[in-house]
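The following report describes one protein model, beginning with a single side chain and its surroundings and then widening to the overall form.

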Amino acid sequence: MNLIESAESQIRANMDKYAFEINVCVQDQAREGCYEDFLSAIHKYGQAAAQLEVLEKVKMQIQQSEKQEGSNED
C-alpha cells in the first residue's frame, strides 16, 4: 500500500500547488501573463483531480480484492 499512499500524497501536493497558483492569479489579475497562468493551473489541477479519482478507484479495487481473498481463506 506504500506505493498507493505515496502516489496519493504526491497528487494531493500537486493539487495544493495548482490551487495556490489559481488563487495567486485571482488575487493579482493585473499581473502580466496571469490569464495564461490561470488557465494552465486550472488544467493541471483538473488533471491531478482526475488522477486522484482513478487512484481512489484502484484503492477500492485492491481493498475489495483483499476482502475476497480473506473470505476465501476462511
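## Lys59 and its contacts

Leaving aside its neighbours within four places in sequence, Lys59 is in contact (heavy atoms within 4.5 Å) with Ile4 and Glu8. Lys59 lies in helix H2, which covers residues 34-73; helices (H or I, at least four residues) and strands (E, at least two) are DSSP runs, numbered from the N terminus. With a relative accessible area of 16%, Lys59 is buried, where buried means under 20% relative accessible area, exposed over 50%, and partly exposed in between, for a 1.4 Å probe and protein chains only. Lys59 and Glu5 are 54 residues apart in sequence, yet 9.4 Å apart in space, C-alpha to C-alpha.

## Basis of the model

This is a predicted model, in which local features need pLDDT of at least 70 and side-chain atom pairs count only at pLDDT 80 or more, whereas totals for chains, interfaces and linings use all residues. Residues are numbered from 1 along each chain as its sequence is written, and side-chain values use heavy atoms, with hydrogens and water left out.

Glu8 is found in helix H1 and counts as buried, at 14% relative accessibility. Not counting residues up to four places away in sequence, Glu8 touches Leu52, Leu55, Glu56 and Lys59.

Asn14 is also found in helix H1, but at 22% relative accessibility this residue counts as partly exposed. Asn14 and Ala48 are separated by 34 residues in sequence and by 6.9 Å in space, C-alpha to C-alpha.

With residues up to four places away in sequence not counted, Ile11 touches Ala48, Gln51, Leu52 and Leu55.

## Overall form and surface

The protein has 2 helices and 0 strands. Its radius of gyration, taken over C-alpha atoms, is 18 Å, well over the 11 Å that the globule rule gives for 74 residues, so the protein is more spread out than a compact globule; the rule is 2.2 Å times the number of residues to the power 0.38. Along its principal axes the C-alpha trace spans about 65 × 15 × 15 Å. Among contacts between residues at least 6 apart in sequence, 64% join residues at least 24 apart.

Of the 74 residues, 18% count as buried. The accessible surface, from the Shrake-Rupley method with a 1.4 Å probe, comes to about 5,800 Å², of which 50% belongs to carbon and sulfur atoms.
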